[in-house]
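Here's a quick briefing to read alongside the model. Have the sequence and the 3D view open as you go.

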Amino acid sequence: MEKFAQRLKQCREQKKSSNPNWTQKYVADKIGMARTTYTAYENGTKLPPLDIVDSLASLLEVSTDYLLGRTDIKDPNNIDTNAEFEAWVNDPRSKILFKEFNESSEEQKEALLKMWEILKNQGKL
């Protein structure tokens with residue numbers, strides 16, 4: 001529930017950074033609920049029913065899996081469902097790399113991506 005609350009608030013605040021109308025009241029009105037109910041979702045004191053999770057994901061333009069903390073892929077249109085991708089996702093080595101990459105600082109991520117490019121260009125990958 002904590003991950004959902006964090007991501008819900010983060011997504012709304014990202015929208016608000018480019019449009020100040022994205023207040024808790026604005027989102028609550030768009031979904032058709034009281035602001036206090038929505039606020040409880042952002043505070044993690046209440047978990048919405050699945051139809052509301054779906055509505056929030058659509059409004060915020062993220063996947064429901066992202067809001068629920070099941071994936072770190074925000075864009076619902078960027079989820080590849082082919083067998084190759086599924087195999088990669090389920091490989092324990094990939095999970096370790098993905099987890100450690102996500103926990104890295106931005107500076108570390110940039111360095112890792114540069115190293116990856118170097119290895120690819122040397123034919124090591």
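Which residue follows helix 4, and is its phi positive or negative? That residue is Glu-61, and its phi is positive, near 60 degrees. Keep in mind that this is a predicted model.

- Tucked away in helix 4 are Ile-52, Val-53, Leu-56, Ala-57, Leu-59 and Leu-60, its buried residues.
- Looking down the axis of helix 4, you'd find these within an arc of 165 degrees, so they line one face of the helix.
- As for partners, the buried residues of helix 4 pack against helix 1, helix 2, helix 3 and helix 5 (64-68).

**Helix 2 meets helix 4**
- The axes of helix 2 (residues 24-31) and helix 4 (residues 50-60) come within 10 Å, crossing at roughly 120 degrees.
- The two helices are therefore oblique to each other, and their crossing is right-handed.
- On the helix 2 side, the contact uses Val-27, Lys-30 and Ile-31; helix 4 brings Ile-52, Ser-55, Leu-56 and Leu-59.
- Sorted by class, that contact has five nonpolar residues, one polar and one charged.

**Helix 3 and what comes after**
- Helix 3 (residues 35-43) buries Tyr-38, Thr-39, Ala-40, Tyr-41 and Glu-42.
- Those buried residues pack against helix 1 (2-18), helix 2 and helix 4.
- Just past helix 3 sits Gly-44, with a positive phi of about 80 degrees.

Note on methods. Residues are numbered from 1 along each chain as its sequence is written. This is a predicted model: local features need pLDDT of at least 70, side-chain atom pairs count only at pLDDT 80 or more; totals for chains, interfaces and linings use all residues. Side-chain values use heavy atoms; hydrogens and water are left out. Axes are lines fitted to C-alpha atoms, for helices over the stretch in contact, and angles run from 0 to 180 degrees between N-to-C directions. Helices (H or I, at least four residues) and strands (E, at least two) are DSSP runs, numbered from the N terminus. Angles under 35 degrees count as roughly parallel, over 145 as roughly antiparallel, 65 to 115 as roughly perpendicular and the rest as oblique. A crossing is left-handed if the near helix is turned anticlockwise from the far one by less than a right angle, and right-handed if clockwise. Contact means heavy atoms within 4.5 Å. Ala, Val, Leu, Ile, Met, Phe, Trp, Tyr, Cys and Pro count as nonpolar, Asp, Glu, Lys and Arg as charged, and the others, Gly among them, as polar. Buried means under 20% relative accessible area, exposed over 50%, partly exposed in between (1.4 Å probe, protein chains only). The arc is that of the directions from the helix axis to the C-beta atoms.
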